[in-house]
Structure formats: structure tokens, C-alpha cells
Amino acid sequence: MLESLQYLLGGFAVAMTAQNLLYCFAGALVGTLVGVLPGLGPIAGIALLIPATFGLNPTSALIMLAGIYYGAMYGGSTTSILMNVPGETASVMTCVEGHKMAQQGRAGPALSIAALGSFIAGTIATFGLVLIARPLADAALAFGPPEFAALMIFAFVVLSNVTGGTLLKSLIMVVVGLILGTMGMDPVAGNERFSFDSAYLLGGIEFVAVAIGVFGIGEVLSNVAEPPEQLEQTVVVPRFRDLYPTMTDLKRSMVAILRGTGIGFITGLVPGPAPVIATYASYMVERRYAKYPDEFGHGAIEGVAGPEAANNAAAQSAYIPLFVIGVPFGPVPAILLGALLIHGVTPGPLLITESPQLFWAVVASMYIGNFILLLLNLPFVPLFASMLLIPKRVLLPLIMAFCVTGMFSVNNSVLDIWMMLVFGAIGYVLRGWAYEGAPLLLGLVLGPKLEVAFRQSLMISQGDFSIFLTRPVSSGLLLATAAFLLLPVFKAGWRRLR
Amino acid sequence: MTAAVVMFVFGVVTALASLTLPIGTVRAPGSGLFPLALGILLAVLSLAQGVSVYRAQATKARTSTGAPVPPPAKPLSEETRRVLLFAAAVAVAVALLPVIGYGFTILVLMVALLRILGIARWPVVGAVSTATAIACWFVFVRILAIPLPAGLPGF
């Protein structure tokens, strides 16, 4: 613990250099904008910004990209409260009570409580990260290929169970992602695979093209498909002096914020789209234990404070599995893993010992980033809200232009843009079929890792599959996976029997 | 059902294509083993999905009264037409990128997309498109020095 704090102080020294402060600020600002503007979520936002980090050292790059994620969690509340339109999916629950408060002329307190809740939750969750990262990394050092393979399978199944679509549809998307991940060079033998004699495909499918395509272009096309009246939007921008919450607001929100922080932190540690699940769970808990239950559905401030705290806490703790075990449990950490690999950093148990400067600087930057976001969000909420005055008819072409430019700059390749457009069309069709994009992205990013772990396990055991069941951690994870898979079947059977 | 069929075909094609690669043995798995397993898994999962959709449709047909009425053939809706036009405009702009260069591509793209999304006033379209093209060119080409295609115009 004391050692971790010492490292953290060292991390602050690195994070507080002028250059890193600037990148932390830039990440937080861009993240807020990504969260505020509908049509661009954190996944596409981070993917678009990856090329801009190529000239930076890995620490500065990660500080900026991490800032985008938690910045988007802050910014997402603005559109939810003012327009009843979630800027990104983790802000859906904020719409319920937040927009009702805005309709009653209390948009200001809703926005400020959302910012305050996010700040408190983000700060506490980062402290939690400091506390458990080291012990968890030490435990993860004992992981071999069978454990990693079992952990990834566990992550896929749990993520599939908790994302929006049905379990079967999500599992199908995971497998499609895994298949796409096999294209290019075989990671073990080095053979050419499914590249159709194309030098472009030899390097595999560019995951940034898939991320921007499915999440950015897919979202833009879905917006274009909306009826014309929805392309017009009206928004009331609150004045600065209206932002202050009353003492009663603060008192009522504080417990909800702390509860939301706890729920969010734990949710970030399990596979799935953590911030989305955390906000939903927090809202349900607040409604269940509400002191003023009649207010729920009509603008209860606890319904804003809890979920907003929860999504930020989850966004922070979701870094733990990524950094410490090297396995991202959700789509945003998955894209951060891709960014880390581009920068030559392999996250995992050895990261803390081999690159302590990078790890602790990023953690320290989260404290700083949360403070920057509080400063950005409270006084400048009217400014961000006024950005919503840009009509969607103008915003969507602008996002499209950024997607084209951003995609080209990854490898300076026009072929990448075509690849992005193909995946944009696929993403749009998949939305129409109610298939989720997140499991596909996770499958694509983790596919090569899973294949290596799987093949190494079989080589170690001389082809004996029982290696996955005889080692306690992997067998435990596979048993938990089986339970997750069979639970819906048992539930359905039990319902039929009754 | 269409989705399940598409996924099933994708799974089968993957499995068949994997057979052209060295499969190896379980002791020393080859390049084709993992994609082969994934292809088969996808085919099985999408088959299960297809069966579940079919059963749901059959149950719905049984519970609904009267003869099933086939849905009338719809002409392309306004929204679908807009999405197709939007996507086609982007594709044309990307095809033009190496020829007319980045600056003009953004200009053409913005003009087309703004018009498709129903901004009728040409001065507005012209002003927004020109401002975006200049801003993008200045930020990405001049400041960030990204080697975006210059095309025939040279910028």
C-alpha cells in the first residue's frame, strides 16, 4: 500500500509536466465534446483520436485517450438532461430524471449535481484502482495460457449476457469478431491466412476501421435514417447563475453519489459494458431505496446523482482488468488495448513492474483529469450546451468528414477508409437486425490473444484438453462461464415447470 | 431470419476456407484449426438463432387469428433513400480523394451531405462547406502535417 502511494507520487510528478497536463486537458475536453454531441460515442471518439497520438510518447498518448473516456462520461449527462437525448449509451438513465428536472426549470442543479457526482465517483474509484492494482497484478502473475484463455472465454460470455441483445445474438457477434481477428498473419506459425493474396489484408483487419465504421459511421447512418423532424433539435441553454444546487439537493444527492460509486466500481471489474450496466443498476437501487419514491419518474435528483456517479466510477475501474491482467472487459478498454499495442506497450501483470512510470502516471492523470473536468463542466456547461445548437443536419456531415480524415491518418491509406465504410454499412445493417457491435469489437481485439493462449495451452498439455479443467483458476472460470450459459436455460425450464 | 441465414453462411464459408489451411493436430495445432472451430461454432449458433426465430414466428402465427396477410410491397421509404444517397455520396467522395485532393474532397463531401440532409439554402451550404474544408485542411494538413492526398490540384 505504502509502496503504491510512493509510486503514485512519482506518477503525479510525470503527469504534472506541462506537456502531460496539456494532453490530459485535451483528452478531457475532447471527451466532454464526444459525450455532449450525439452521433459520436467514446469508442468512435477514441478511435478517431488514436492517430493524433502517434507522435507522442506512450504515457502522454494514454493520458489523453484515457481522458476521452471519462470525459465522455461527464459530457454525456448534458444532452440527457437538456434534450432527453443521451450523448452516449451510459447516459440513458440520466434522461429519465434529469430531463424531467430540466422541464421543471431545474436543469442547472441537475447538471451541477451530475458534474459533482462524476467528480467524487471518479476520484474515489481512482483511489480504489491504486489500492487493488498491485495485489491483483501479483496474483495475475500466476496466470498461464490456460488461465488467460479461460478468462477471455468468461469475458465473452458474461459480456454477451449483459449487452442489449439476446445472449445468442451477442455470442454470434463475438464469434464473428473472433473470425475477423484470424485474418492476416497466423500469430503462432506466421502463415498467411484469409488474406486473398492482398498485401493490405496481410496485416489483418484494421481494428480502428472496424471501431470507427461500426460505431461512428453506423451511428451517423442511423441518425440520417431518422425522420426529418428529429434532425431538428431545440435546446434551452441554462444561465450560469442557475447552475447552483440547493443545500437540500446536495444532502439528498450525497448518499446516492456514494452508493453509485460503489456500484460503478464493482461493475467495472466484471466483463461487460460497465458504465451502461452501472447506471442502470444504480438507478434501480436509488428508486428501490428512495426517501421520496413519489418523485421518481418526475425529476428526483437522486436518479441523476447515482447513475452519473456510477458511470464514472465504472469507467475508472474498467482500467483495472485492462492494465493489470491485460484483458479488456468492455469495448472501450478493448480499443484502448489496441492503442497501447500500437504504441508498443503490452498491458498485463508485468506492466506495473516493468513500466511503473507509465502505469502510475496514467493513474495520477485520472485524479488530475477529474479535477479538470469539474472545472470544465461546472462553469462551462452553458458553453457546452450551446454546442447543441448546431443542427444535426450540419453535425452529421461534419462527423463524417472527421471520420474520413481520422481513418486516413491511421496508416495514410485510402484503403483503410474503404474498409471503414464497409464496416459502417455492416454496422448499420447490424443495428437494423438488433445485433450489438460491442461483442464484435471485443472478439476482434482479443481474437489473436485467445488463439495464442488456446494453442499454447494445447502444446503445453500435448493436446490434452483437460489442462483447462485441472488448473484451479481456469476450471473455476470455465465453471462460472458454464453457469452463465446455462442459467437462462434453467430459468426457462423452471418457468415452464411452474 | 435473414440475419441468421447470413451468419450461418459466413460460418460455413469460414469453416470451408479453413480446410485449405494446415489444420495440424491437437498436440500441434495448425493455422486452420482455430478458424475451423470458429466457423463451425458460428454455424451452430446461427442455426440455433434461426430455429428460435422460426419457432417465435410459428407461435405468433398460431396465436393470431385469421389468415396471414402478406405485407404489401413497400416502395423505398424516404429514410432509406436518404441513407443510401448519404452513403453513396461518401463513397464517391472517397473515390475522388486521390484525384481531386483532400481540400476539394471535403468541400464536395460537405456540399453533397448538407444537401442530402435537406439544407436547401445554397449560401448556407456554401459557407458551411467552404469553412469546414478550409478548417480541416488547415488543421490536418498544415498543423498536424498528415500527408493527406493532394491530388491534381496539389492540396
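**Briefing: chains A and B**

Chain B is divided into domain 1 (2-63) and domain 2 (78-143), with bounds that come from an automatic or database domain assignment. This is a predicted model, in which local features need pLDDT of at least 70 and side-chain atom pairs count only at pLDDT 80 or more, while totals for chains, interfaces and linings use all residues. Residues are numbered from 1 along each chain as its sequence is written, and chains are lettered from A and ligands numbered from 1 in the order in which they are written.

- The C-alpha centres of domain 1 and domain 2 of chain B lie 40 Å apart.
- Helix 3 of chain B spans only 11 Å between its end C-alpha atoms, whereas a straight helix of 39 residues would span 57 Å at 1.5 Å a residue (the expected span is 1.5 Å times one less than the number of residues).
- Helices here are DSSP runs (H or I, at least four residues), numbered from the N terminus.
- A kink of about 130° in helix 3 of chain B is centred on B:Ile100; the bend at a residue is the angle between axes fitted to the seven residues ending there and the seven starting there.
- Just after helix 3 of chain B, B:Gly118 takes a positive phi of about 95°.

**Where the chains meet**

- In chain B, 49 residues are in contact with 46 residues of chain A (contact: C-beta atoms, placed from the backbone, within 7 Å).
- Helix 1 (2-18), helix 2 (33-63), helix 3 and helix 4 (122-143) of chain B each supply at least two residues of the side that touches chain A.
- Helix 3 of chain B gives the largest share of that side, 15 residues.
- By type, the residues of this side of chain B are 36 nonpolar, 10 polar and three charged (Ala, Val, Leu, Ile, Met, Phe, Trp, Tyr, Cys and Pro count as nonpolar, Asp, Glu, Lys and Arg as charged, and the others, Gly among them, as polar).

**The largest nonpolar core**

- This core has 206 residues, and those with the most contacts inside it include A:Ile46, A:Met152 and A:Ile212.
- Helix 3 (residues 78-116) of chain B gives the most to this core, with 17 residues.
- A nonpolar core is a set of buried Ala, Val, Leu, Ile, Met, Phe, Trp, Tyr and Cys residues joined through C-beta atoms within 7 Å.
- Leaving aside neighbours within four places in sequence, A:Ile212 is in contact with residues including A:Ala44, A:Leu48 and A:Met420.

**A:Ala110**

- A:Ala110 is placed in helix 6 (residues 107-140) of chain A.
- A:Ala110 is buried, with 32 other C-beta atoms within 10 Å (buried means 20 or more).

Notes
Buried ≥ 20, exposed ≤ 12 C-beta atoms within 10 Å, placed from the backbone. Contact = placed C-beta atoms within 7 Å.
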